[in-house]
Amino acid sequence: MKARVRIAVLPAVLALLSPVTAVNVSAADGPPTVKLSKSQAGTGGSVTVTGSGWRARTLLMVLICGQSVPSTGVSGGTNSCANAEGRAVTTGADGRFSRKLPVAEPPVPCPCVVHVATVTGAKAEADAIFQVAGHAVEPLPTEPAGGRLSVLTDTRLDGSSGLLTWFGAPPARTLVFTVGNVGTSPVRNPVFQVGTSHGVFAPQWQEQQWRGTIQPGQKAQIELPVELAAGAHGDYAVSLKYGGKVMAEQPWGVGRPWGVTLFWILVCLVVPAAVFRVGLAVVDRVRPRQTARRRGFRLPGPALRIPGLKPREEARHALPSSSSSALPWFTPDSDPGTAGRLSAPHDDSPTSSTGPTTPSTPTRKGPP
């Protein structure tokens, strides 16, 4: 009996859980949505923006933009939005968020929307109709008839950073994408706008013209150069706009120029060492000499100078006296015999018993 009850209850439990599961899957798979607490407010007021179906733990940017409707999106890009009064919000684990947004007039006339878009990661956005009370309202600009370009493939950035970029040179890439002419007339030399933005700031647009003609129903691959400022690093986004409408956006992660950091580290090490060495040289040059105290004090002796002799000859004549005084073991012998011999010459001939002999006079041979 208990087994039959359990079998009967199990389908009922599954029936109750199945709708919840289906709703969660559809919310996760469907596009993100945005809802407003009020559809109209004046400048200085506020409106609460709530959303669901977004990626978990994702940073979003909430803005009030003009010349836009949910069906066409923000045609003028973030340049048509009140960027100064925008707010950032992070979704929860369930992909939901709620944020109070101050009401401000956009730089272009309405119709206006509250625009919510992801800041990093895969691109996702949603819009909700909103009326700024007291702000001008004008019809949307009409699209030119004839040729119209549409992006057919995802954009990509070709190129790589070199050694100069590692030392702070401007990073450069090539934006590559494929467009097709979905209009009825050819498009000749189209002018695109390429913008680069960093973080939550609005992109800075630059016009670039592609040379060529795209016939109706044909497609062409477009390559446009993109360059950042010198020393740029961090998360950037490259946007493509044509005919006043943003057509594509490509993230770009730029590495930090570590060569510049290494250079400043070397400067901080080498310059103080060089200044220290120069300081030591200056101190050694300026301080007084102390050789007399180190080597002992010695009085200068009187120099013997002989008139008429050059300094080299005087030194040669003065050498014996200095050497005799410096070398005491070369002093004369004190023996009387030696002393007499050295003092005066004398005759060493033998003496007779009667007395000293007189020196013999030389005899001359021959007659006197």
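Mentor: Residues are numbered from 1 along each chain as its sequence is written, and side-chain values use heavy atoms, with hydrogens and water left out. Because the model is predicted, local features need pLDDT of at least 70 and side-chain atom pairs count only at pLDDT 80 or more, whereas totals for chains, interfaces and linings use all residues.

Trainee: How many disulfides does a search of the whole structure find?

Mentor: A disulfide is a pair of cysteine sulfur atoms within 2.5 Å. Cys 65 and Cys 81 are joined in this way, S to S 1.8 Å, and the sulfur atoms of Cys 110 and Cys 112 are 1.9 Å apart. Counting bonded cysteines along the chain, the pattern is 1-2, 3-4. The search of the whole structure gives 2 disulfides.

Trainee: How many residues apart in sequence are the parts that Cys 65 and Cys 81 tie together?

Mentor: Strands (E, at least two residues) and helices (H or I, at least four) are DSSP runs, numbered from the N terminus. The disulfide joins Cys 65 to Cys 81. Cys 65 lies in strand 4 (residues 59-65) and Cys 81 in the loop between strand 6 (73-74) and strand 7 (87-90), so the parts tied together are separated in sequence by 16 residues.

Trainee: Is the disulfide of Cys 110 and Cys 112 right-handed or left-handed?

Mentor: For Cys 65 and Cys 81, the torsion about the S-S bond is about 95°, so that disulfide is right-handed. For Cys 110 and Cys 112 the torsion is about -90°, so the disulfide is left-handed.

Trainee: Is Cys 268 buried or exposed?

Mentor: Buried means under 20% relative accessible area, exposed over 50%, and partly exposed in between (1.4 Å probe, protein chains only). Cys 65, at 0%, counts as buried, and Cys 81, at 4%, is also buried. Cys 268 has a relative accessibility of 53%, and therefore counts as exposed.

Trainee: Which geometry do the rings of Trp 54 and Phe 97 adopt, stacked or edge-to-face?

Mentor: Rings of Phe, Tyr and Trp (its six-membered ring) pair if their centres lie within 6.5 Å; planes under 30 degrees apart count as stacked, over 60 as edge-to-face and the rest as tilted. The structure holds 5 aromatic pairs. In one of them, the centres of Trp 54 and Phe 97 are 6.3 Å apart and the planes stand at 70°, so the geometry is edge-to-face.

Trainee: Which residue forms one aromatic cluster with Phe 177 and Phe 192?

Mentor: Phe 177 and Phe 192 are both buried. Together with these two residues, the aromatic cluster contains Tyr 242.

Trainee: Which residue has its side chain joined to that of His 115 by a polar contact of 2.5 Å?

Mentor: His 115 lies in strand 9 (residues 112-118) and, at 8% relative accessibility, counts as buried. Leaving aside neighbours within four places in sequence, its contacts (heavy atoms within 4.5 Å) include Met 61, Cys 65 and Glu 125. A polar contact is a pair of N or O atoms within 3.5 Å; within protein, one must be able to donate a hydrogen and the other to accept it, and residues adjacent in sequence count only if both atoms are side-chain atoms. The side chain joined to His 115 at 2.5 Å is that of Asp 127.
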